[in-house]
Amino acid sequence: MPQAAAPSPTPSEPASYEAALQELEQLVARIESGQLPLDHMLVGYQRGAWLLEFCRARLEAVQEQIKVLDEGILQPWNEP
């Protein structure tokens with residue numbers, strides 16, 4: 001009987017957008033170097049995809065806040 005894949009651990013959330021971006025850049029450099037074993041490369045790719053989504057969500061939240069400010073309606077910004 002085939003074994004079920006182990007659930008992936010919940011990724012740790014970076015402290016900030018800048019921290020996520022820095023980690024993502026470091027991951028890309030390690031993956032592009034070609035020096036990682038295949039299993040580490042896969043884990044790095046998965047983490048990179050998660051970090052990319054984290055950064056995109058933060059940027060979208062900030063863009064929405066800017067849109068609100070541009071319309072002259074000041075509202076508190078709530079992080080996703």
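Among contacts in the protein chain (heavy atoms within 4.5 Å) between residues at least 6 apart in sequence, 58% join residues at least 24 apart. The model is predicted, so local features need pLDDT of at least 70 and side-chain atom pairs count only at pLDDT 80 or more, whereas totals for chains, interfaces and linings use all residues. Residues are numbered from 1 along each chain as its sequence is written, and side-chain values use heavy atoms, with hydrogens and water left out.

**Confidence and overall make-up**

- The protein chain has an average pLDDT (the predictor's confidence in each residue, from 0 to 100) of 83, and 78% of the residues score at least 70.
- Over residues 1–7 pLDDT stays under 50, and for this stretch the model has zero contacts beyond four places in sequence. Where pLDDT is low, the predicted coordinates should not be read in detail.
- The protein chain holds two helices and zero strands, these being DSSP runs (helices H or I, at least four residues; strands E, at least two) numbered from the N terminus.
- Of the 80 residues of the protein chain, 18% count as buried, where buried means under 20% relative accessible area, exposed over 50% and partly exposed in between (1.4 Å probe, protein chains only).
- The accessible surface of the protein chain comes to about 6,600 Å², of which 59% belongs to carbon and sulfur atoms; the areas come from the Shrake-Rupley method with a 1.4 Å probe, and for residues only the protein chains shown count as cover.

- The 33 residues of H2 should span 48 Å at 1.5 Å a residue, and the end C-alpha atoms of H2 lie 47 Å apart, which agrees; the expected span is 1.5 Å times one less than the number of residues.
- The buried residues of H2, among them Gly-44, Gly-48, Ala-61, Gln-65 and Val-68, pack against H1.
- Leaving aside neighbours within four places in sequence, Leu-27 is in contact with Gly-44, Arg-47, Gly-48 and Leu-51.
- Just after H2, Gly-72 takes a positive phi of about 80 degrees.

**Salt bridges**

- A search of the whole structure finds three salt bridges, each defined as a side-chain nitrogen of Lys or Arg within 4 Å of a carboxyl oxygen of Asp or Glu.
- Glu-13 pairs with Arg-58, with the closest N and O atoms 3.5 Å apart. Glu-13 is exposed, at a relative accessible area of 54%, whereas Arg-58 is buried at 11%.
- Arg-47 and Glu-23 form a salt bridge in which the closest N and O atoms are 2.8 Å apart, and the pair links distant parts of the chain, with Arg-47 in helix H2 and Glu-23 in helix H1, 24 residues apart. Arg-47 is buried, with a relative accessible area of 16%, while Glu-23 counts as partly exposed at 24%.
- Lys-67 and Glu-64 meet through their side chains at 3.4 Å, N to O, and both lie in helix H2, three residues apart, about one turn of the helix. Lys-67 is partly exposed at 44% relative accessible area, and Glu-64 counts as partly exposed at 44%.
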